Amino acid sequence: MKVLVLGNLGYIGPVVVDELGSRHPDMEIVGFDTGLFKECVVDPEHDFGARLDHQIFGDVRDLTAELFSGVDAAIYLSALSNDPIGNAFEALTDEINAGSAVRAAEAAKAAGVKHFVFASSCSVYGAGGEEAKTEESSLAPQTAYARSKIAAEKALASMADDSFVITCLRFATACGFSPHLRLDLVLNDFVATALSHRKIDVLSDGRPWRPLIHVKDMARAMEWALQRSSAQGGAFLAMNTGADTANYQIRDLAAAVARNLGDVAVAINENASPDTRSYRVDFGLFRKLAPAHQPRMMLQDMVGDLVGNLNRIGFKDPDFRSGNLIRLNYIKDLVAKGALDGTLRWQ
């Protein structure tokens with residue numbers, strides 16, 4: 001089986017490649033990436049080529065059908081990946097996260113690819129309130145990032161058939177350690193802040209809900225989706241991906257990090273304006289369709305993974321929020337240096 005991973009050098013990609021390679025030693029894995037974050041390696045012990053058969057550098061906006069020649073399945077991870085970036089580059093977020101994903105799927109289908117996996121997001125539920133959202137719930141996107149995921153899903157739905165199975169995994173909020181670490185994710189930020197300051201400042205009132213999923217569990221879900229038949233959920237499937245037990249309020253996440261480390265203060269801004277990005281999610285369909293691929297990492301494991309690995313690599317930066325482990329900072333720095341143009345293409 002030959003698998004093409006689009007966006008393999010981001011935060012999630014290296015973990016996906018490692019998971020696929022370890023579970024399927026005979027699988028041919030090809031990576032395609034613009035290389036935007038290839039210099040953001042935090043783990044000197046990680047061998048990016050150990051599980052990868054071939055690396056191709058290019059922009060997903062320029063894909064052609066030839067890239068998919070001989071490919072059995074493709075995973076689309078390429079994206080401008082969070083709300084701050086989406087706010088700063090709204091048109092590009094739509095172009096890369098939605099437009100390019102659809103063109104990639106069109107090229108894949110034309111080349112005879114059998115499975116297409118799209119990394120979507122539970123953020124599509126936006127202002128979700130207290131009721132746990134199922135796949136049938138109404139969508140209330142609050143950001144350009146969430147809107148781009150919905151746009152991609154809608155366009156992909158019309159392309160699926162029994163010979164081209166499309167799976168959109170609406171992932172819970174990602175967390176956990178990766179060789180291409182991001183610290184602009186809520187749990188990752190809390191752990192990094194606790195380690196560097198012995199204090200966690202929760203900028204909201206702490207009441208918004210977020211579901212969490214560890215990057216390793218995201219990779220396991222994608223491994224399932226690569227082999228899913230149309231009899232398991234239909235030719236097109238948009239599915240919440242995470243665990244019911246991993247829906248948390250922000251204040252509970254901060255408290256869990258403080259308990260793990262000890263001697264960490266938690267300050268919550270009780271007077272903050274309400275954060276409308278609040279959603280609880282029902283993962284019953286995922287549990288039904290993929291019982292052998294359910295998340296294994298619970299909150300204490302997620303925190304322990306981050307603490308252990310950040311200590312292992314010697315993380316101590318008290319100014320990390322101004323540094324390159326925050327994706328928007330890194331992109332703006334490349335633009336300021338002239339390495340990227342205004343459309344985020346290499347100069």
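Rings of Phe, Tyr and Trp are taken as a pair if their centres lie within 6.5 Å. In this predicted model, a search of the whole structure finds five aromatic pairs. One of them joins Phe116 and Phe164, whose ring centres are 6.2 Å apart. The planes of these two rings stand at 45°, so the pair is tilted. Phe116 belongs to strand S5, residues 115–121, whereas Phe164 sits in the loop between helix H4 (144–157) and strand S7 (165–171). The pair therefore ties together parts that are 48 residues apart in sequence.

Strand S5 is also part of an open sheet of seven strands. The strand order is S3-S2-S1-S4-S5-S7-S11, and the pairing is parallel. At the edges stand strand S3 (54–57) and strand S11 (236–241). Each of these edge strands has a single partner strand, so one side of each is left without a neighbour in the sheet. From one strand to the next, the twist averages 20°. Within the sheet, strand S1 (residues 2–6) and strand S2 (residues 28–33) pair in the parallel sense over five bridges. Val3 stands opposite Ile29 in S2.

Helix H6 lies across S4, S5, S7 and S11, and runs at about 165° to S7.

A further open sheet has three strands in the order S8-S10-S12, with mixed pairing. Its edges are formed by strand S8 (173–175) and strand S12 (247–249). Because each of these has a single partner strand, one side of each is left without a neighbour in the sheet. Neighbouring strands of this sheet are turned by 50° against each other on average, direction ignored. S8 and strand S10 (residues 209–214) pair in the parallel sense over three bridges. Ala174 stands opposite Ile213 in S10. Helix H6 packs on this sheet as well, touching S8 and S10, and its direction makes about 70° with that of S10. Helix H9 (residues 299–312) lies across S8, S10 and S12. The course of H9 is at about 65° to S10.

The packing of helices against one another was examined next. Two packed helices are described by the angle between their axes and the distance between the axes. For helix H1 (residues 13–23) and helix H6 (residues 215–225), the axes come within 9 Å and cross at roughly 55°. That makes H1 oblique to H6. The crossing of H1 and H6 is right-handed. On the H1 side the contact involves Val15, Val16, Glu19, Leu20 and Arg23; on the H6 side, the residues met are Val215, Lys216, Ala219, Arg220, Met222 and Glu223. By class, this contact has six nonpolar, no polar and five charged residues.

Helix H3 (residues 90–110) and helix H4 pack at an angle of about 20°, and their axes are 9 Å apart. H3 and H4 are therefore roughly parallel to each other. Their crossing is right-handed. From H3, the contact draws on Glu90, Thr93, Asp94, Asn97, Ala98, Ala101, Val102 and Ala105. These meet Ala144, Tyr145, Arg147, Ser148, Ala151, Ala152, Ala155 and Leu156 in H4. Sorted by class, the contact of H3 with H4 has ten nonpolar, three polar and three charged residues.

Helix H5 (residues 186–197) and helix H7 (residues 250–261) have axes 10 Å apart and pack at an angle of about 40°. H5 and H7 are therefore oblique to each other, and the crossing of H5 and H7 is right-handed. H5 contributes Val186, Leu187, Phe190, Val191, Ala194 and Leu195 to the contact, while H7 contributes Ile250, Leu253, Ala254, Val257 and Leu261. The contact of H5 with H7 has eleven nonpolar residues, no polar residues and no charged residues.

How values were computed:
Residues numbered from 1 in each chain as written. Predicted model: local features only at pLDDT ≥ 70, side-chain atom pairs only at ≥ 80, totals over all residues. Heavy atoms only, no water. Axes fitted to C-alpha atoms, helices over the stretch in contact; angles between N-to-C directions. Helix = DSSP H or I, 4+ residues; strand = E, 2+ residues; numbered from the N terminus. Parallel < 35°, antiparallel > 145°, perpendicular 65-115°, else oblique. Left-handed = near helix turned anticlockwise from the far one by under 90°. Contact = heavy atoms within 4.5 Å. Nonpolar A, V, L, I, M, F, W, Y, C, P; charged D, E, K, R; others polar. Pairing = 2+ DSSP bridges. Phe/Tyr/Trp six-rings, centres within 6.5 Å; stacked < 30°, edge-to-face > 60°.
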